[in-house]
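Please look over the model below before reading on.

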Amino acid sequence: NQLHWGGCWAFAAAETLSDRFCIATHGATNVTLSPQDLISCGHVRTPPKYLLGCDGGVPEYAWQYMEQTGISTDACIPFVNTTKESCPAITNATCAAKQFKVAAGSTRVLDGAGSAVQQDMSDPVKGGPVQAVFYVYQDFFSYKAGVYKHSNMTQAPLGKHSIKIVGYGLDKATFENYWLAANSWGDQWGMDGYFKIAIGQCEIESEMVFGAPLV
């Protein structure tokens with residue numbers, strides 16, 4: 001649970017790469033990667049205006065950091081629920097190596113092209129999850145179940161939010177095509193922490209990012 005901090009970009013990036021390592025190695029590499037590493041250290045190798053710790057971040061640059069520097073496990077740098085700080089000192093040699101990396105040149109950014117999104121819909125199933133960004137409205141906070149669609153078009157968005165898309169489907173009750181996503185607000189929110197959102201809603205296809213794990 002990211003609690004009240006704006007670290008969703010880091011949680012989604014770390015969780016997406018964690019799953020991609022597990023899938024790519026058929027379960028041999030099953031680790032939880034550290035969002036705190038991205039929050040506290042991401043600004044070291046990327047322009048500060050793009051990764052602002054718990055004040056927000058651009059997913060593309062989170063993946064750039066994981067490609068250039070690598071990322072530690074959550075056991076090495078656990079989430080401490082604080083704003084951006086200096087990169088934590090690491091004394092454990094295994095942690096310092098940051099052996100979990102994105103393969104060079106493999107990061108892909110889908111920026112809202114409908115045809116590209118449709119072509120990559122199978123990726124959350126075949127290669128692993130993808131990270132996405134969408135506009136959040138007040139009614140999203142009270143989501144409980146079903147396929148989310150923002151209904152009050154006169155309402156202004158409250159900001160952007162980043163999540164991990166793990167799959168897609170067709171709702172039998174409403175015949176809505178949806179993305180299935182994992183949120184970072186704890187398992188008491190939504191459907192045990194997950195939600196369905198109609199494809200095309202809240203510009204969720206405007207920024208999708210993923211990369212191949214270096215195995």
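Predicted model: local features only at pLDDT ≥ 70, side-chain atom pairs only at ≥ 80, totals over all residues.

Residues are numbered from 1 along each chain as its sequence is written, and side-chain values use heavy atoms, without hydrogens and water.

Two packed helices are described by the angle between their axes and the distance between the axes. Helix 1 covers residues 8-24 and helix 3 covers residues 59-68; helices (H or I, at least four residues) and strands (E, at least two) are DSSP runs, numbered from the N terminus. The two helices pack at an angle of about 50°, and their axes are 9 Å apart. Helix 1 is therefore oblique to helix 3. From helix 1, Trp9, Ala13, Thr16, Leu17 and Arg20 meet Ala62, Trp63 and Met66 of helix 3, where contact means heavy atoms within 4.5 Å. By class, this contact has 6 nonpolar, 1 polar and 1 charged residues.

Rolling a probe the size of a water molecule over the atoms shows where empty space is left. Here a pocket is an open set of points on a 1 Å grid where a 1.4 Å probe fits, with protein on both sides within 12 Å along at least five of seven lines, and lining residues have an atom within 4 Å of a point.

The largest pocket holds about 280 Å³ of space. It is lined by 18 residues, and Cys8, Gly159, Lys160, His161 and Ser162 are the closest to its centre. Helix 1, strand 2 (130-136) and strand 4 (159-170) are the elements that each give two or more residues to this lining. Strand 4 gives the most, with 4 residues. The lining divides by class into 9 nonpolar, 7 polar and 2 charged residues.

The second largest pocket has a volume of about 160 Å³. Among its 13 lining residues, Asn1, Glu15, Asn183, Ser184 and Gly186 lie nearest the centre. This lining has 4 nonpolar, 6 polar and 3 charged residues.

Methods
Axes fitted to C-alpha atoms, helices over the stretch in contact; angles between N-to-C directions. Parallel < 35°, antiparallel > 145°, perpendicular 65-115°, else oblique. Nonpolar A, V, L, I, M, F, W, Y, C, P; charged D, E, K, R; others polar. Points joined across faces, edges and corners; volume = space filled by probe spheres on them.
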